[in-house]
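Let's take a look at the salt bridges in this protein. Have the sequence and the 3D view at hand as you read.

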Amino acid sequence: MRSKWLILILILSLAINSAVLATVGYHYYRNVSTAPSAPCPMSPGDSHLYQSLGLSRVQLSKMEPLAQKFHARLAELGARMEEKKETLTDLLQKDSDPVSIENLRKEMAGIQDEIQKEVIVHIMESKKILDPDQQQRFFDLMRHSMTRAQSS
């Protein structure tokens, strides 16, 4: 019985961490300022954080492919995580052995770790494109976004 509670707690923890990461990632790319920005070249009607930074054409030409690559990678990892969640639900429903469930949890944690690494690498690559004032605004917006996400 104790192992079932531990597994349940681990699953809840993973779900909460995934939700927080998804929320932070979502807000990271949303324009959190009230100033209007240009439409996102990758998905009309949507906006990304970098659009509120006043990027030059040269900076945009570097940022757009970087963002496209990043979003594609996150979509890939998100799809992998969804598959694992479905498998986990099946294992839990069937009262599978705790070892199988723990191995799957570790796989899910590995995917979550990959997502976090991708976000950090993307931020570092984006930072290289920005001038010092834009970097300051970028990190101010990130902080604001994370604060809003935590209070939601």
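## The overall picture

Keep in mind that this is a predicted model. It holds nine salt bridges.

## A link between two helices

Arg-73 makes a salt bridge with Glu-118, and their closest N and O atoms are 3.2 Å apart. Arg-73 belongs to helix α2 (residues 57-93), while Glu-118 belongs to helix α3 (residues 98-129), so this pair ties together parts that are 45 residues apart in sequence.

How accessible are the two partners? Arg-73 has a relative accessible area of 21%, which makes it partly exposed. Glu-118 is partly exposed too, with a relative accessible area of 25%.

## Pairs within one helix

Take Lys-117 and Asp-113, whose side chains meet at 3.2 Å, N to O. These two are four residues apart in helix α3, so about one helical turn separates them. Asp-113 is partly exposed, at 34% relative accessibility.

Helix α4 (residues 132-151) has a pair of this kind as well: Asp-140 and Arg-143 are three residues apart there, again about one helical turn. Their side chains form a salt bridge at 3.8 Å, N to O. Asp-140 counts as partly exposed, with a relative accessible area of 37%, whereas Arg-143 is exposed at 51% relative accessibility.

Technical notes
Residues are numbered from 1 along each chain as its sequence is written. This is a predicted model: local features need pLDDT of at least 70, side-chain atom pairs count only at pLDDT 80 or more; totals for chains, interfaces and linings use all residues. Side-chain values use heavy atoms; hydrogens and water are left out. A salt bridge is a side-chain nitrogen of Lys or Arg within 4 Å of a carboxyl oxygen of Asp or Glu. Buried means under 20% relative accessible area, exposed over 50%, partly exposed in between (1.4 Å probe, protein chains only).
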